[in-house]
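User: Hi! Could you walk me through this structure in plain words?

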Amino acid sequence: MERQDLLVVGAGTAGATTAAEAAKRGLRVCLVDMKPSELIGQKVCGDAIARHHFDRLNMPYPSGEEFERGMKGMRIFAPDRETAFRILGEGVTGFVINRHRFGQRLLKQALDSGATLLDQTRAITPLLRNGCVTGIEAEQTDPKGRVEIPASITVDASGYSGAIRSRLPPDFGLESTISSDDMIVAYREIRTDVSWSSDLGEIYLTQELAPGGYYWIFDKGNGKVNVGLGVQMTEKHPNPKEQLYRYVLSQALFKESKPEQGGGGVVPTRRPMDCLVSNGVMLAGDAACLVNPIHGGGIGPSMLSGKLAAETAVEALEKHDVGREALWQYNVKYMQSYGAKQASLDIFRLLLQSISDDELNFGMKNRLVKEEDVLRASLAGDLRLSAKDKAERALRGAGRLGLLLKLEKTAAKMREIRTLYQDYPPPEDFERWKRNVNSVYESLKD
């Protein structure tokens, strides 16, 4: 096959955006995906995305068959469901979308911009030469056979498994695997004939029913809902489908409902991978762990990563240099624009996974944790407690000093990690920076 300027593995939201942005800037782009073209965009997903992602990328809002309903914010329930936070504001206003139609829109944009699609094509292994990725070997279904696709730069946008990332030698300096503790395994269904409507998405926190995760109900309009449950993928974790049916779909709300479609998936809910580039290769979307660690939303950051990866590829190819240092600016741009927030939210995730249902019920009911905390954390990845605020919460939390101390330490570590990511280093300082990041996480084990 003819050599490509840019080869993108995976035509999801990250891959399709990368291909579209690079092709419209004049690069010769090939986009490969395992699915047939008409099924690209079908994915188990919460189907919700905040409006600010479209504003940041200067993209049109969902419309027509993509758009299912508007969402004004979220309602977050304590485990006992007696307390619920309403999280409202510009940063959480958004849309519930038809994920398949939206994926098809992004694919069409890529093809209309000049990218070539090889569907029903599975990446087998990266091609390597002189310590650099130079394309991939792939297997095609129709016509059946193996093919080499050479490229100056390869973008791994293949999802959390990292079809390219996981097969690179250690000396490329990229994390090849993701800890199961940093992943959520989820099952969700689209249910019809549900007599319920809300412009607020509902999230239910409960370690008992969804350990390390939560369950959700999002209205899709016209009597349809997206309902699902995710659990932390630790050893001997419960089956999320069984938990959903046993504890959620058994509720009166779903008594007359019918399943339209269902499916499961794995979501990496951690900070971004420490480094997203190496010689001739970049990581985007779930392959780079760019999902929001709190609510698992990945559409917005994946599209942002695609745009930044395409811009970086154009700049590198103009200089005829596709080495690690030439691609490094992608790291800097992503970490400063969104990665710092995700890293901070990763600390907040660890707090939520470390406290019991009883502690969370008490904390939300007595406002040791407030709506403003959740909103500030979700929008800016920040949590600040003034001396006065600490004193007031201490009075309300008499007898629960341990929870308040956890909250205070979490706030401090969120600021510390956020600063580290905002000051993402040049290549020569990367190892020192990485040690500092690891030190923050080690300190949380106490």
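Analyst: Happy to, starting with a term: two strands pair if DSSP finds at least two bridges between them. Helices (H or I, at least four residues) and strands (E, at least two) are themselves DSSP runs, numbered from the N terminus. This is a predicted model, where local features need pLDDT of at least 70 and side-chain atom pairs count only at pLDDT 80 or more, while totals for chains, interfaces and linings use all residues. Residues are numbered from 1 along each chain as its sequence is written, and side-chain values use heavy atoms, with hydrogens and water left out.

User: Good. How many bridges join β3 to β7?

Analyst: Three, and strands β3 (residues 48–50) and β7 run antiparallel. Isoleucine 49 has phenylalanine 95 in β7 as its bridge partner.

User: And which way does β4 pair with β7, parallel or antiparallel?

Analyst: Antiparallel, with four bridges between β4 (residues 67–71) and β7. There, methionine 71 sits opposite glycine 94 of β7.

User: What is the strand order in the open sheet?

Analyst: The open sheet has seven strands in the order β6-β5-β13-β14-β15-β12-β16, with mixed pairing. Its edge strands are β6 (84–88) and β16 (258–268), each pairing on one side only. From one strand to the next, the twist averages 20 degrees; the angles run from 0 to 180 degrees between N-to-C directions, and the axes are lines fitted to C-alpha atoms.

User: Can you zoom in on one pair? How many bridges do β13 and β14 share?

Analyst: Four, in the antiparallel sense, with β13 covering residues 200–205. In this pair, tyrosine 204 stands opposite tyrosine 215 in β14.

User: What about arginine 75: buried or exposed?

Analyst: Arginine 75 is buried, at 18% relative accessible area. Buried means under 20%, exposed over 50%, and partly exposed in between, using a 1.4 Å probe and protein chains only. Arginine 75 belongs to strand β5 (residues 73–77). Beyond neighbours within four places in sequence, arginine 75 is in contact (heavy atoms within 4.5 Å) with residues including Phe85, Arg86, Glu202 and Ile203.

User: Which residues of α3 are buried?

Analyst: Among them are Phe102, Leu106, Leu107 and Ala110. The buried residues of α3 pack against several elements, including α1 (13–23), α2 (51–57) and α5 (299–318).

User: And what caps the N-terminal end of α3?

Analyst: Asparagine 98 does, with a side-chain oxygen 3.2 Å from the backbone nitrogen of histidine 100. A polar contact is a pair of N or O atoms within 3.5 Å; within protein, one must be able to donate a hydrogen and the other to accept it, and residues adjacent in sequence count only if both atoms are side-chain atoms. After α3 comes glycine 114, whose phi is positive, near 115 degrees.

User: Which residues of α4 are buried?

Analyst: In α4 (residues 240–248), they are Pro240, Gln243, Leu244 and Val248. Seen down the axis of α4, these buried residues fall within an arc of 100 degrees, so they line one face of the helix; the arc is that of the directions from the helix axis to the C-beta atoms. Glu242 and Arg246, on the other side of α4, are exposed. The cover over the buried residues of α4 includes β12 (183–192), β14 (214–221) and β15 (224–232). At the N-terminal end, α4 is capped by asparagine 239, whose side-chain oxygen lies 2.8 Å from the backbone nitrogen of lysine 241.

User: Nice. What does isoleucine 299 touch?

Analyst: Leaving out residues up to four places away in sequence, isoleucine 299 touches Thr13, Cys45, Ala48, Ile49, Ile97, Arg99 and Phe102. Isoleucine 299 is in helix α5 and counts as buried at 6% relative accessibility.

User: Last one: where is histidine 320?

Analyst: Histidine 320 is in the loop between α5 and α6 (324–354). Its phi is near 55 degrees, a positive value in a residue other than glycine. At 75% relative accessibility, histidine 320 counts as exposed.
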